Structures are given as structure tokens and as C-alpha cells.
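User: I have a structure open and would like to go through it with you. Shall we begin with the charged side chains?
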Amino acid sequence: MATGVSTRCLLTLSKRGFSSKADKNVAFLGLGNMGGYMAANLVKKGFNVRGYDPSKDALTAAAKNGISGANSIAAAVDGVDVVVSILPSNKVVLDAYLGKDGVVKHATKGALLIDSSTVDPNVPKQIFPVATENGVNFIDAPVSGGVMGAQNATLAFMAGGRKDDFTRSLPMLQAMGAKHFHCGEVGSGQVAKLTNNMLMGITGMATAECMNMGIKMGLDPQVLLDVLNNSSARSWSTEVYCPVPGLVPTAPSSRNYDGGFKNELMVKDLELASGMALGIRSPIPLGAVATQLYRIVQSRGYGQKDFSFVFQLLKEEAEKK
Ligand code: NAD
């Protein structure tokens with residue numbers, strides 16, 4: 001009886017291509033601001049990491065952190081247990097996974113594919129069935145925590161996919177982050193990520209708008225912030241990420257809005273979240289306004305600044321006669 005059960009389990013596992021040995025060899029695609037640090041943290045935890053990025057500079061920087069370079073996606077994923085990617089856009093992710101020289105075609109049967117890019121939830125939903133058909137396993141696992149989180153391995157991962165694939169991904173995710181959530185079926189990691197970022201964008205905009213008004217009415221900025229942080233309007237934006245320069249020393253606003261979460265990435269995430277909301281006709285009146293406001297900041301040439309720069313735009317408007 002016991003033998004029968006374990007045989008059945010093994011059959012299920014092998015049908016699903018689940019690897020029973022410890023995953024050691026990782027291919028990492030996209031060695032940019034986030035991926036460079038994330039791949040380096042995998043090396044620090046003892047994984048063998050082979051990286052691919054079309055940018056030679058990114059490959060050179062990664063080599064200094066012990067990541068061996070490959071000259072194509074196919075060469076990077078050849079023979080590895082796990083593929084991790086963090087790439088810029090829907091199109092790049094779809095091409096990288098489903099293109100003729102892509103991951104799904106060239107990955108070893110039974111490999112686990114983890115995409116940490118921020119994309120439309122339909123992207124992982126398109127990849128998953130093709131991956132399954134080709135005998136490889138796939139989860140979406142976008143991240144929150146920014147470049148600092150990537151550097152310090154304190155990222156939060158929100159994953160979508162089969163529970164046993166998520167469990168299998170944990171040693172890699174734990175090497176790169178501090179918090180790990182299984183949100184549900186494939187694509188649900190992206191839903192959680194876009195929901196979080198739309199709320200962050202709305203709260204950031206609301207904080208900038210209201211602090212600008214209070215200061216313009218003559219309140220001392222520090223007194224106003226102290227009141228908010230001890231009253232019902234308190235939020236991550238007022239406590240950690242205050243958009244008014246000089247009040248929270250560690251906030252991007254206190255270093256000329258540099259080194260934070262770029263306004264252009266906020267616009268990207270809000271546009272993805274808006275598309276998701278439109279698809280299900282979920283009303284997003286505040287999300288729509290936030291999208292437009294951050295887009296205006298971008299069109300004025302401040303896309304590289306932290307998204308809390310929106311305070312400066314409102315301040316400028318308030319100063320107009
Ligand atoms: P980045 O532009 O710094 O890095 C992306 C890298 O991907 C670049 O080095 C680029 O050359 C490389 N690339 C492009 N096409 C490729 C391909 N086909 N194969 C392999 N590599 C390829 O961007 P980033 O800031 O590291 O962001 C990456 C992803 O992470 C995005 O989806 C972004 O929305 C998300 N994200 C970023 C942050 C952040 O604070 N930067 C935070 C959370 C999530």
C-alpha cells in the first residue's frame with residue numbers, strides 16, 4: 001500500500017517535471033538595476049549563476065560578482081535547473097520566453113522558470129500553458145522593494161503559479177528577498193504587484209497634494225508632518241516616503257528625488273494596472289488621475305526622478321500667481 005502511494009506521488013511529480021534534487025545551477029536573464037544585484041545575491045548563497053543580457057556593460061559588471069556570461073538566451077538556459085528573469089516590458093518577456101530562440105524552447109525538461117519582471121498578468125498566463133506543454137514549470141514572481149531591496153536581498157516576492165512550483169522556488173527567492181507570498185494561480189503575483197503599486201501611486205499623490213496645501217496655508221512643514229503621522233492620515237507615504245524635502249532624511253525627496261522608484265516606472269505600473277482594471281471594468285477613478293498626473297511629470301522631463309517628485313509639480317502650480 002505504502003509503495004503504491006509513493007509510486008503514485010513519484011508519477012505525479014515526474015509528469016509535472018518536478019526536480020527532486022536540489023537546484024544549484026541558475027540562468028539569470030536581465031542584469032540591469034534590479035537583476036544585477038539579485039543575481040549577485042544568488043552567487044553569495046552558493047548558486048552557480050550564468051547570466052545573459054544584451055548589454056555588454058551589464059555582463060561585465062555581473063562578471064565582477066561571479067556571474068559567468070552567455071551570449072544568448074539559449075546558451076544561458078542550456079542545462080540549468082532554474083531560470084530567473086527580470087526584464088523591462090511585456091514584449092521583451094514574451095519574446096524572451098516564447099520566441100524561437102527563447103527560454104521555453106531551450107530549457108531542460110523539468111526546469112523551473114521564474115519571471116520577476118513587472119508585466120500585464122496576461123503575459124504569465126500566455127507563457128504558462130506553453131511552458132507546461134514543453135515539460136518545464138513556470139511561475140510569475142514580481143518584486144517590491146526597489147533597487148535597495150535588490151541590493152540588500154530584502155525584496156518582497158509575490159508569486160503566482162502552482163503551489164509546488166512556488167515551494168520549489170523558495171531557496172532562490174530566499175537568497176534574493178526577505179518576504180515571499182504565494183498569491184494564487186499563475187498571473188496572480190502580477191495582480192498583487194500592480195494593485196500594490198496603484199495604491200502606492202495614489203497615496204503618494206494624495207500626500208503630495210495635501211502637504212502642499214497645508215504648507216501653502218502657512219503651516220510649518222515639520223509640524224504638519226508630525227500631525228499627519230500621529231493622526232488618521234498616516235501612511236507609508238507620510239512616515240517613510242514624505243515627498244517634502246528635508247523632513248525624512250532617508251526619503252528620496254531629501255536627496256533631490258534621486259535613487260528611489262523612478263517616476264517612469266510608476267507610470268509603467270499604473271498603465272499596466274489601468275489596463276488590468278479596464279479588462280474587468282473595475283472602476284479606478286483615483287488610479288486614472290494618478291496615472292495622468294505622473295505622466296505629466298514624465299512629459300515635463302522628470303521621468304528619471306523618484307515618483308514623489310510630483311510634490312514639486314504641485315508646489316510650482318501653487319506658486320503661480
Ligand atoms: P533595467 O532597465 O535596469 O534592466 C533591465 C535589463 O534587461 C537591462 O540590462 C536590459 O539590457 C536587459 N534586457 C533587455 N532585453 C533583454 C533580453 N531579451 N534578455 C536579457 N536581458 C534583457 O530595469 P530594472 O530597473 O532592473 O527593472 C526590471 C524589471 O523590474 C521591470 O519590469 C521593472 O518594472 C521591475 N521592477 C523594477 C524596480 C526598480 O526599482 N527598478 C522595482 C520593482 C520592479
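User: Which residues are linked in a network of salt bridges?

Analyst: The network of salt bridges links Arg300, Glu316, Glu317 and Lys320. Please keep in mind that this is a predicted model.

User: How many salt bridges does a search of the whole structure find?

Analyst: The search finds 11 salt bridges in the whole structure. One of them joins the side chains of Asp23 and Arg168, with an N to O distance of 3.0 Å. Asp23 lies in the loop between α1 (2-15) and β1 (25-29), and Arg168 in helix α9 (residues 163-176), so this pair ties together parts that are 145 residues apart in sequence.

User: Are Asp23 and Arg168 buried or exposed?

Analyst: Both Asp23 and Arg168 are buried.

User: And Asp258, which residue does it form a salt bridge with?

Analyst: Asp258 forms a salt bridge with Lys305, and their closest N and O atoms are 3.0 Å apart. Asp258 lies in the loop between α12 (236-239) and α13 (263-280), while Lys305 lies in the loop between α14 (285-302) and α15 (310-319), so the pair ties together parts that are 47 residues apart in sequence.

User: Why does Lys305 count as buried?

Analyst: Lys305 counts as buried because its relative accessible area is 16%, and the cut-off for buried is under 20%.

User: Changing topic to the domains: where are they in the chain?

Analyst: Domain 1 covers residues 17-184 and domain 2 covers residues 192-320. Taken over C-alpha atoms, the centres of the two domains are separated by 30 Å.

User: How many residues are in contact between domain 1 and domain 2?

Analyst: On the domain 1 side 12 residues are in contact with nine residues of domain 2. The area buried between the two domains is about 790 Å², and carbon and sulfur atoms give 63% of that area.

User: Which residues of domain 1 lose the most area to domain 2?

Analyst: In domain 1 they are Thr118, Pro121 and Met158, which together account for 46% of what that side buries.

User: How many salt bridges and polar contacts are there across that interface?

Analyst: The rule finds zero salt bridges between domain 1 and domain 2. Three residue pairs are in polar contact there, both residues of each pair being at pLDDT 80 or more. The side of domain 1 that touches domain 2 is made up of seven nonpolar residues, four polar residues and one charged residue.

User: Now Asn212. Where is its place, and what is it in contact with?

Analyst: Asn212 is in helix α10 (residues 188-216). Apart from neighbours within four places in sequence, Asn212 is in contact with Phe311, Leu314, Lys315 and Ala318. Asn212 is buried, at a relative accessible area of 11%.

User: Which residues other than glycine have a positive phi?

Analyst: Among them are Tyr257, with phi near 60°, and Arg281, with phi near 55°. Tyr257 lies in the loop between α12 and α13, and Arg281 in the loop between α13 and α14.

User: Of those two, what can you say about burial: is Tyr257 buried or exposed, and is Arg281 buried or exposed?

Analyst: Tyr257 counts as buried, at 3% relative accessibility. Arg281, by contrast, counts as exposed, at 77% relative accessibility.

User: One last item: where is Lys105 found?

Analyst: Lys105 is found in helix α6 (residues 103-106). Lys105 counts as exposed because its relative accessibility is 58%, and the cut-off for exposed is over 50%.

User: What distance separates the C-alpha atoms of Lys105 and Glu319?

Analyst: Their C-alpha atoms are separated by 58 Å, and the two residues are 214 residues apart along the chain.

Conventions. Residues are numbered from 1 along each chain as its sequence is written. This is a predicted model: local features need pLDDT of at least 70, side-chain atom pairs count only at pLDDT 80 or more; totals for chains, interfaces and linings use all residues. Side-chain values use heavy atoms; hydrogens and water are left out. Helices (H or I, at least four residues) and strands (E, at least two) are DSSP runs, numbered from the N terminus. Buried means under 20% relative accessible area, exposed over 50%, partly exposed in between (1.4 Å probe, protein chains only). Contact means heavy atoms within 4.5 Å. Domain bounds come from an automatic or database domain assignment. Buried area is the accessible area (1.4 Å probe) that two parts lose on being put together, summed over both. A salt bridge is a side-chain nitrogen of Lys or Arg within 4 Å of a carboxyl oxygen of Asp or Glu. A polar contact is a pair of N or O atoms within 3.5 Å; within protein, one must be able to donate a hydrogen and the other to accept it, and residues adjacent in sequence count only if both atoms are side-chain atoms. Ala, Val, Leu, Ile, Met, Phe, Trp, Tyr, Cys and Pro count as nonpolar, Asp, Glu, Lys and Arg as charged, and the others, Gly among them, as polar.
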